[in-house]
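Dear colleague,

I am handing over the structure below, together with some notes on what was found in it. Please read the notes with the coordinates open beside you.

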Amino acid sequence: QVQLVESGGGLVQPGGSLRLSCAASGNIFSTNAMGWYRQAPGKPREWVATITREGTTNYEDFVKGRFTISRDNAKNTVYLQMNSLKPEDTAVYYCKMLFTNYWGQGTQVTVSS
């Protein structure tokens, strides 16, 4: 059994930054790709970024150049550094262990002045 616990969300002004963390329990973190997804009110959940176990990254076009996904296998943690935040980035952000059904509980990010 794997548990994923996100943290780091909050309220930030437009143009600000936040760093989300997702800590995984268990011993399979380092062998799995990880992803961040988000869900805005009234919209379906959408993919944001992924990182393979080797560290290769991919991003949804809307966040390219602003968000950075990274991982620390020694800490069983994946991060999402979010810069130049926009009101449209407001959503609940979830981490997921790819190719499994393991999701975190989500952390709210609100971008507003």
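**Loops, disulfide, core and rings**

N76 has its place in the loop between β7 and β8, where strands (E, at least two residues), like helices (H or I, at least four), are DSSP runs numbered from the N terminus. This is a predicted model, in which local features need pLDDT of at least 70 and side-chain atom pairs count only at pLDDT 80 or more, while totals for chains, interfaces and linings use all residues. Residues are numbered from 1 along each chain as its sequence is written, and side-chain values use heavy atoms, with hydrogens and water left out.

Although N76 is not a glycine, its phi is positive, at about 50 degrees; with a relative accessible area of 17%, N76 is buried (buried means under 20% relative accessible area, exposed over 50% and partly exposed in between, with a 1.4 Å probe and protein chains only). F99, in the loop between β9 and β10, also has a positive phi, near 65 degrees, in a residue other than glycine, but F99 is exposed, at 79% relative accessible area.

A search of the whole structure finds one disulfide, a term that stands for a pair of cysteine sulfur atoms within 2.5 Å. The disulfide joins C22 to C95, with an S to S distance of 1.9 Å, and it links distant parts of the chain, since C22 is in strand β3 (residues 18-24) and C95 in strand β9 (residues 91-97), 73 residues apart. The torsion about the S-S bond of C22 and C95 is about 50 degrees, so the disulfide is right-handed; both C22 and C95 are buried.

Leaving aside neighbours within four places in sequence, M82 is in contact (heavy atoms within 4.5 Å) with residues including L18, L20, F67, Y93 and V109.

For the aromatic rings, the rule is that rings of Phe, Tyr and Trp (its six-membered ring) pair if their centres lie within 6.5 Å, with planes under 30 degrees apart counted as stacked, over 60 as edge-to-face and the rest as tilted. By this rule the count comes to two aromatic pairs. The rings of Y94 and W103 have their centres 6.4 Å apart and their planes at 90 degrees, so this pair is edge-to-face. Ring pairs link Y37, Y94 and W103 into a cluster, in which Y94 is buried at 13% relative accessibility and W103 is partly exposed at 32%.

A charge counts as sitting over a ring if NZ of Lys or CZ of Arg is within 6 Å of the ring centre and within 35 degrees of the ring normal. R45 lies over the face of W103, at 4.6 Å from the ring centre, and R71 lies over the face of F29, at 4.5 Å.

R71 is also among the residues in contact with N32, when neighbours of N32 within four places in sequence are left aside. N32 is found in the loop between β3 and β4 and counts as buried at 14% relative accessibility.

With kind regards
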